[in-house]
Amino acid sequence: MGRKTNPKAAKAKPGSKVGRAKPKRGSKPKSKPASKSTSKSGFKPKPWTAAEIEEAFRRFRAAKPEPRGELQHVDPYTLLIAVVLSAQATDAGVNKATPALFAAADTPEKMVALGEDKVRELIRTIGLFRTKAKNVIALSRRLVAEHGGMVPPLREALEALPGVGRKTANVVLNVAFGAETIAVDTHIFRVGNRTGLAPGKNPFEVEMKLEERVPPAYRRHAHHWLILHGRYTCKAQRPACEKCLINDLCKWPQKTVAA
């Protein structure tokens, strides 16, 4: 005969106390893991004042009055292609591949004529090169068919192109057409949250807070100032707080203060 079972335990519903072992006297219950929404330090930054934000961007402008992006390009089309290729890749890596690509095709018409196979070969050193080659050809076809081979200066039209999302559209609008947009990449997302300048759960929230908080006089270049700050100073690993231009304004509790 099989082993007898407790009928009450068999009928117990999930989550009931039946069958649970009682903790030993004097023992401590195991602590529950912290919620994902709660940071390890419980850091809730005090909001920056308008004067502090103004001072931060004043310093950025004084240090680099005309910041520039690091992706190599010569016009809106080559910029658009470079930004599409830079997704989940470094600017340096993209810059190694694009000279040969743009020498072979620097217009939508030439890119379509070049073909997906050749594009794939020219950008194979870049991550996700197969998908990106497909998108480069597809968006080039759309530019020729729907925009006369020109890059449209409108967000909706840009985001309708294959491989182009909000961040890419913001970069093109800002760099190629002078729009006061802020493309939130991993660097800006980190800076916004770590410093407390524009905390948000996702890139869109950070973007909206930056648009609200950055003074109008600095919006044109805010995108590049923050990217460069995150890339070279407020780095993910070992941030260089000792040389940070806004160290005294930053709300991050773990920052190091220069002597």
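This is a predicted model: local features need pLDDT of at least 70, side-chain atom pairs count only at pLDDT 80 or more; totals for chains, interfaces and linings use all residues.
Does Ser86 count as buried or exposed, and at what relative accessibility? Ser86 sits in a loop, between helix H3 (76-85) and helix H4 (91-104). Its relative accessibility is 15%. Buried means under 20%, so Ser86 counts as buried. Which residues does Ser86 touch, leaving aside its neighbours within four places in sequence? They are Leu71, Asp91, Val94 and Lys132.

Two of those names, Leu71 and Asp91, come back at the largest pocket. This pocket has a volume of about 590 Å³. It is lined by 28 residues. Closest to its centre are Leu71, Asp91, Asp185, Ile227 and Arg231.

H12 gives the most, with 7 residues.

Follow H12 next, to its packing with another helix. Two packed helices are described by the angle between their axes and the distance between the axes. Helix H2 covers residues 50-63, and helix H12 covers residues 219-232. They pack at an angle of about 85°. Their axes are 11 Å apart. Angles of 65 to 115 degrees count as roughly perpendicular, so H2 and H12 are roughly perpendicular to each other. On the H2 side, the contact is made by Phe57, Phe60 and Arg61. H12 brings Ala222, Trp225, Leu226 and His229. These contact residues divide into 5 nonpolar, 1 polar and 1 charged.

Conventions: Residues are numbered from 1 along each chain as its sequence is written. Side-chain values use heavy atoms; hydrogens and water are left out. Axes are lines fitted to C-alpha atoms, for helices over the stretch in contact, and angles run from 0 to 180 degrees between N-to-C directions. Helices (H or I, at least four residues) and strands (E, at least two) are DSSP runs, numbered from the N terminus. Angles under 35 degrees count as roughly parallel, over 145 as roughly antiparallel, 65 to 115 as roughly perpendicular and the rest as oblique. Contact means heavy atoms within 4.5 Å. Ala, Val, Leu, Ile, Met, Phe, Trp, Tyr, Cys and Pro count as nonpolar, Asp, Glu, Lys and Arg as charged, and the others, Gly among them, as polar. On a 1 Å grid over the protein atoms alone, a cavity is a set of points where a 1.4 Å probe fits but cannot get out, and a pocket is an open set with protein on both sides within 12 Å along at least five of seven lines; lining residues have an atom within 4 Å of a point. Grid points are joined across faces, edges and corners, and a volume is the space filled by probe spheres set on the points. Buried means under 20% relative accessible area, exposed over 50%, partly exposed in between (1.4 Å probe, protein chains only).
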